[in-house]
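Student: I have the sequence and the fold on screen. Can you take me through some local details?

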Amino acid sequence: MDSQKRDENAPQQNPNLTPEQIYVLRHEGTERPGSSPLNYEKRPGTYYCAGCGAPLFTSATKYDSGSGWPSFYAPIEGSIETKVDYKLLVPRTEYHCARCGGHQGHVFGDGPEPTGLRYCNNGVALTFVPDDPEDTAAER
Ligand SMILES: [Zn+2]
């Protein structure tokens, strides 16, 4: 995948989304905890929006929160937007791709330094691309 080229283009909707990806991205659904292989992804690389290919996170800010969802302490600057979500009794801060509006997850105040934030992301809403294409996860 040529991510650099895609980044320069106008927002593109991915026509090949799975039903679960549509549920998360378009209907603010939440995947089952522990269901995403990205929970165990530790290679250097970039996490792109599954809906449009915008870069949202890098492996440098990923950490193991133990929550069952891929977690980051900071997004790539300007890549996401937030809004307050009143779906539960306690308001949560929802965040989504700034380019296509696709829902990604929620941000909480119990993350590690330096931000103290936890971006709790649905794995199906992300596409991971390792820096080194020959660095296969199976080798770890
Ligand atoms: Zn997007």
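Tutor: Two strands pair if DSSP finds at least two bridges between them. Strands (E, at least two residues) and helices (H or I, at least four) are DSSP runs, numbered from the N terminus. This is a predicted model: local features need pLDDT of at least 70, side-chain atom pairs count only at pLDDT 80 or more, and totals for chains, interfaces and linings use all residues. Residues are numbered from 1 along each chain as its sequence is written.

Student: In the hairpin of β1 and β2, which residue takes a positive phi?

Tutor: β1 and β2 (residues 55–58) pair in the antiparallel sense over three bridges. Thr 46 has Thr 58 as its bridge partner in β2. Five residues sit between the strands, and the one with a positive phi, near 85 degrees, is Gly 53.

Student: What is the bridge partner of Cys 49 in β9?

Tutor: β1 (residues 45–49) and β9 (residues 126–130) run antiparallel, joined by five bridges. In β9, the partner of Cys 49 is Leu 126.

Student: Within what arc do the buried residues of α2 fall?

Tutor: A residue is buried if 20 or more other C-beta atoms, placed from the backbone, lie within 10 Å of its own, exposed if 12 or fewer, and partly exposed in between. In α2 (residues 19–27), the buried ones are Gln 21, Val 24 and Leu 25. They line one face of the helix, because, seen down its axis, they fall within an arc (of directions from the axis to the C-beta atoms) of 85 degrees.

Student: Is Arg 92 buried, exposed or partly exposed?

Tutor: Arg 92 is found in strand β6 (residues 92–97). It has 16 other C-beta atoms within 10 Å, so Arg 92 is partly exposed.
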